[in-house]
Amino acid sequence: MHNLNKFLGMILFICLYGSCKKQQHIGFGLENANVYEDKSRKTKKKNDAEYISILYTNLYQSPISPNQLYKTQNVLYSIGDQDVASEMLLSNYFNTGSIQMPTNILMRQDIESFVTNTYKRFYLRYPSEGEKAFFKQYITKNSAVSVEMVYTAFATSDEYQYY
Amino acid sequence: MNRKKFITKSGIALGGGILAPYILPSGRLFAKSGSQKADHVVLVMFAGGVRQQESILGRYLEDSQGVFGAAGNIMPNLFEGDAPTKKIAYGTDVPGMPDGSEPIPKLLSQSMEKSGLLFPEVKAQSAGHYVGLNTLLTGNVGYSQGLKVRPAYPTIFEYLRKHAGFKATDTWFIANGIGNSTPLLNSSNHKDYGLNYGANMFAAPVTFSSYGKEILGNSKTYSRTDLEPMYFMKNFLDQSFALTKDQITSISNTDEEKTRIKDFIKSVFEKQQAGQLAAPPVSNSGDAKNVMYAAEVLREFKPKMLAVNISGVDSCHSNFTGYLKSLHRADHITGWLWQYIQNNIPEMSGNTIMIVAPECGRNETPNPILDQNDWVSYDHSDANAHRVWSVMLGKGVPNLRIGAATQPVGRLTDITPTIADIFGILDPVTNAGLIDPLAKSLYNRI
């Protein structure tokens, strides 16, 4: 009887030991990858509300209020040449002085980075080598060119109207 | 030089000599079809739906409300005829008197009827506002015209820019608001014309409103030196993105024109602030404000063609007294605008033709809505709503009255070919095949 108990105890031990496996730790994750727009795929025009909201958030780094958006939309719609309307809106924004943008000194310290960042900020894409070379050369050669001028050119450009 | 070369070169030189004068700034070659009759045209779209009875027929309350002996002309600047003497409610308020009992004094020494060409009974192609406005500006009947879309057929602005080579700031549309598709009237979406040839536009009561000022009025005034690099960089970016023709959604001005328009907007806000805007003696209506801004555009740009839209009379749907007041004021501001051009814009004085026409009429039978005077109101949907008039005056326009209530002459689609005729481009406009085949220049209706 004692041997039988011993035997059963051993069987039980072997079964328990054999049924357990070492826990495996499996982890899933994503590698960091930047996703940027492609100029050729921007075929949809932003509507007025989208354009104004995106522009405002881009420049002030905070959302526009619904009331302000409504008023701005109406005023832009009331002018035939949308470039004129956008340029005046922007220039009005720049006059507020609270726009989040780099200083002119910072721009000139590293023009290449400034150009790349501006393309990313407005167009959500990297500049091509040709685009980079154009801006680098133009800003370097023209000491009067300011961040405000570059931002105005981007914000009123055709590509910024599309996504 | 051998004979063959000589003949070839002479042929090219001769051809170039003949064609060069007709190659327009727009790059288009056009067949010059007639002599220009004036340098400027102002079209007053006397819109909102105007009944013949209270306008050209001078019936005041006699037909509409059955008030015996209450006929009379309440549009003295446009038409001939004595004012009503009974139940005066269309004028300005005078303390201690019933509302509207003081008619606004006539501004013009001679009515437009007396000094121009009047078509008292014209057929409107539509009883609706937007299609009617389309008819005035496109010369097409617009039966298939949808709302909230640009005109399906080219506007007179596009014809003028394409065939007469006018620049964007030569053509203006002053809309009275941003509702009812009105701001879309500055250009069609026609594939052969479209926004590339569209007119500049302000929906003036919005652009120059208090919030227009808040959004645009504080903009910086950039110097030319500042603007050049901005436009240079923007042009580089735009060329790099290269929009196709069907992606263009706005009319475009040259960089110089854009700067001028921005300066103009700022100057209007400044004048507003200083109380220096020219205004008609009675300017307490939305229509009056719109005409004031049209006058500012005329003074600044001296455009070849400007169309201004007014529509206060549409209150007739529910308020007949308001309608009469608006009609009387519409006459007042139209007279004022003509007078302003003659007295304040020397470049246009004596060299402008003004055309005035409603976009549709109003019903013969009323709806049951009563106003404060217990007068019934009128919509626009029956045959009477297809009855309108047109007046034209100015440089070289004969003083004639063509047609009568029993003998209609002309269609509202005539306005576009008439303007084309004034600028000498009637043939290319007609040959484009996009206007009403029954439309004619009013000069050819005489």
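The model is a predicted one.

The contact between the chains draws 36 residues from chain A and 39 residues from chain B. On the side of chain B that touches chain A, five named elements each supply at least two residues: strand S4 (200-203), helix H6 (204-207), helix H7 (210-216), helix H8 (224-241) and helix H9 (255-274) of chain B. H8(B) gives the most to this side, with eleven residues. By residue class, the side of chain B that touches chain A comprises 20 nonpolar, 13 polar and six charged residues.

Chain A itself is split into two parts, domain 1 (44-100) and domain 2 (102-163). The C-alpha centres of domain 1 of chain A and domain 2 of chain A are 20 Å apart. Contact between these domains involves eleven residues of domain 1 of chain A and nine residues of domain 2 of chain A.

On the side of domain 1 of chain A that touches domain 2 of chain A, helix H2 (48-60) and helix H4 (82-96) of chain A are the elements that give two or more residues. H4(A) provides the largest share of this side, five residues. The residues on the side of domain 1 of chain A that touches domain 2 of chain A divide into five charged, four nonpolar and two polar.

How values were computed. Residues are numbered from 1 along each chain as its sequence is written. Chains are lettered from A and ligands numbered from 1 in the order in which they are written. This is a predicted model: local features need pLDDT of at least 70, side-chain atom pairs count only at pLDDT 80 or more; totals for chains, interfaces and linings use all residues. Two residues are in contact if their C-beta atoms, placed from the backbone, lie within 7 Å. Helices (H or I, at least four residues) and strands (E, at least two) are DSSP runs, numbered from the N terminus. Ala, Val, Leu, Ile, Met, Phe, Trp, Tyr, Cys and Pro count as nonpolar, Asp, Glu, Lys and Arg as charged, and the others, Gly among them, as polar. Domain bounds come from an automatic or database domain assignment.
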